Amino acid sequence: MRCRLHLVLCCAGVAVTDWQDIIKLTDYHYLAATPAEAIALAINAGVDMSMVPYDAGLFAPILAQLVANGTISEARIDESVRRVLQLKIDVGLFQDPIVPPALAGRILGGPADQALSLNTTRKSITLLQNNVGTGASTSGKPVLPLTGWLPKAGAKILVVGPAGDPRANLCGGWSLQWGGQTNCVFQAGIGSTIGQAVTALGASLASATTTVMQGVNFTDSSPAILSQVTAAAAASDVVILAIGEAPESETPGSTQDLTISDAQLALFAAINATATPVVTILVEPRPRVLGPIADGSAGIVMAYLPCLHGGQAIAEVLWGVTNPSGKLPLTYPRTTGDLDVYYRKPTDGAVEGVPPTLYHNPLFDFGSGLSYSTLSYDGIALAGVSSGGPAVAPGEVVNVTVTITNHGPYPAEESVLVFVRQLYRAAITPETRMLKAFQRVPLPVGATTTVTLPLDTSNLAYWTPSLVSQIDAGVYNVTAGGQTAQLTVTGSAQVRASWHPTPYGSGRAHEVVPVDAAGNAKVAAGVGDSSSVSGTIATVVDVLRAMGARASGAVAQDVFLQQVADLLALRLGQE
């Protein structure tokens with residue numbers, strides 16, 4: 001690990017374990033029989049700092065004994081100490097170790113941060129479903145925004161569900177506390193619950209009266225309370241159902257069934273027994289299978305874990321103050337077994353004789369996201385930066401141009417997503433589509449905008465069974481907003497990564513190397529030809545020069561020479 005991290009990747013930073021990871025080598029991974037063996041294994045592999053929340057008093061004496069008996073060299077300890085001290089110097093801990101409390105409040109969590117948090121939440125909220133309510137309940141209009149069909153005064157709103165209150169339920173795990181428990185005490189005056197925000201905006205925009213109920217908690221329900229919910233729903237013009245899952249993290253959040261809890265399904269059934277239209281707000285860190293909730297909800301809004309300003313942002317979307325513009329960054333399953341990954345291949349889940357649309361049928365596909373405006377795409381075109389047309393050499397950048405029009409009735413923002421599909425691939429089955437470029441663009445009402453997104457054809461490479469990153473010659477479909485154009489790559493090539501040092505780690509670059517008909521890279525012999533010993537040595541020399549005096553002074557001589565030997569062996573073994 002030391003060789004890879006500090007020489008190959010030129011990382012000058014600190015390698016730190018996660019929670020109890022060294023001791024887990026004995027009782028979780030079973031790689032070491034004793035704590036001493038585990039500590040020696042980890043430190044000699046390159047760990048600089050161990051996260052030992054429970055056994056610091058055990059770790060330090062054992063480490064000292066391992067140094068004393070020569071299992072771990074003192075030079076190895078010096079190497080880590082230098083890196084840890086360098087990190088503290090870099091972040092200024094030796095100059096000003098304590099930030100004054102008054103200054104901390106201005107630096108972190110101040111008005112600018114709060115505004116940024118709210119605006120980010122507004123942009124992320126994703127409208128997944130927006131149907132006309134049953135019967136005459138929404139006057140023949142989509143259920144959202146509420147201002148589009150509710151009466152101008154006197155509307156009755158019911159906000160119900162366990163995700164609606166308290167604010168901690170909007171934040172999930174690792175917020176103030178590890179598990180994000182609902183008894184977290186957040187600073188007063190920051191943010192609002194869904195119920196609070198819907199109530200305030202409804203009163204301001206439509207003189208609406210809002211009733212807020214929990215109904216059930218995330219796991220338990222009461223028949224008596226459900227009867228009260230049914231009565232309240234029947235007396236309302238619309239129900240805002242806030243559901244999801246309780247704050248959790250790591251193992252306590254593990255589940256063997258993605259179906260949303262029985263209590264929340266019972267809550268929906270109690271509401272659905274009325275004719276009142278339902279808008280479901282999903283507050284969840286992962287997709288939970290909705291079952292009848294998806295079919296019975298007129299509107300579905302994915303809020304993710306928006307945290308303290310989520311209530312305000314959600315209410316703005318519901319009432320039409322904000323036009324939703326988020327896109328779904330995952331494939332939302334229809335059933336627990338419907339777990340297609342995003343980079344799905346045509347063979348995934350295939351059933352002989354059955355069309356792919358039948359066995360790949362998620363509830364909502366990757367990239368889904370509706371707007372209150374009618375947006376149309378037109379006129380996709382491809383132009384290589386060098387070639388000027390849709391036929392390009394491997395590694396060339398292609399400009400993807402598409403025209404978008406906002407037909408209204410709201411100002412909008414649209415995330416333009418560019419997907420690529422390789423029609424036929426030489427080595428393995430190609431993916432059905434891959435996201436390769438995206439850009440968010442503002443669209444005033446009535447505006448037509450032409451957007452150009454650069455597509456680097458190096459990103460069309462895939463890993464072959466022989467672990468070569470390769471671009472194939474051939475035809476690729478490029479799609480944006482339902483518009484498709486064909487891109488032709490005129491030759492095959494390999495894409496090779498290279499690394500260069502930065503002040504706190506490494507940067508990544510790549511080179512595109514053409515290949516011949518047999519798939520062999522066309523590389524001149526000599527320096528840079530990593531298949532030769534001279535090329536390997538030149539690579540090592542280049543890395544050492546790039547690392548500079550700072551890195552070479554950060555390791556003892558014997559450790560440094562061992563790392564060079566490791567790198568030589570690695571390079572020669574790979575080639």
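Lysine 123 is partly exposed, at a relative accessible area of 27%. In this predicted model, the side chain of lysine 123 meets that of glutamate 413 in a salt bridge, at 3.0 Å from N to O. That pair links distant parts of the chain, with lysine 123 in helix H7 (residues 111-124) and glutamate 413 in strand S10 (residues 412-422), 290 residues apart.

**Around glutamate 413**

- Glutamate 413 comes out as partly exposed, with a relative accessible area of 24%.
- Besides lysine 123, glutamate 413 has a salt bridge to arginine 440, where the closest N and O atoms sit 2.8 Å apart.

**Around aspartate 48**

- Where does aspartate 48 sit? You'll find aspartate 48 in the loop between helix H3 (35-45) and helix H4 (56-68).
- Is aspartate 48 buried or exposed? With a relative accessible area of 11%, aspartate 48 is buried, because the cut-off for that label is under 20%.
- The side chain of aspartate 48 makes a polar contact with the side chain of serine 80, at 2.5 Å.
- Aspartate 48 also pairs with arginine 83: their side chains meet in a salt bridge at 3.0 Å, N to O.
- Arginine 83 is in helix H5 (residues 74-90) while aspartate 48 is in the loop between H3 and H4, so the pair ties together parts that are 35 residues apart in sequence.
- Arginine 83 is buried as well, with a relative accessible area of 4%.

**Salt bridges overall**

- As background, side chains of opposite charge can pair when their charged atoms come close.
- How many salt bridges does the count come to? The tally is 12 salt bridges.
- Glutamate 413 and arginine 440 form one of the salt bridges; elsewhere, salt bridges that share partners join Asp48, Arg76, Glu79 and Arg83 into one network.

**The chain as a whole**

- The protein has 15 helices and 18 strands.
- Of its 575 residues, 44% count as buried.
- Take the contacts between residues at least 6 apart in sequence: 70% of them join residues at least 24 apart.
- The protein exposes about 27,700 Å², and carbon and sulfur atoms supply 58% of that area.

**Confidence**

- The average pLDDT for the protein is 85, and 82% of the residues score at least 70.
- Which stretches have pLDDT under 50? Residues 524-538 are one of them, and residues 571-575 are another.
- For residues 524-538 the model has 18 contacts beyond four places in sequence, and for residues 571-575 it has 8 such contacts.

Conventions:
Residues are numbered from 1 along each chain as its sequence is written. This is a predicted model: local features need pLDDT of at least 70, side-chain atom pairs count only at pLDDT 80 or more; totals for chains, interfaces and linings use all residues. Side-chain values use heavy atoms; hydrogens and water are left out. Helices (H or I, at least four residues) and strands (E, at least two) are DSSP runs, numbered from the N terminus. Buried means under 20% relative accessible area, exposed over 50%, partly exposed in between (1.4 Å probe, protein chains only). A polar contact is a pair of N or O atoms within 3.5 Å; within protein, one must be able to donate a hydrogen and the other to accept it, and residues adjacent in sequence count only if both atoms are side-chain atoms. A salt bridge is a side-chain nitrogen of Lys or Arg within 4 Å of a carboxyl oxygen of Asp or Glu. pLDDT is the predictor's confidence in each residue, from 0 to 100. Contact means heavy atoms within 4.5 Å. Accessible areas come from the Shrake-Rupley method with a 1.4 Å probe; for residues, only the protein chains shown count as cover.
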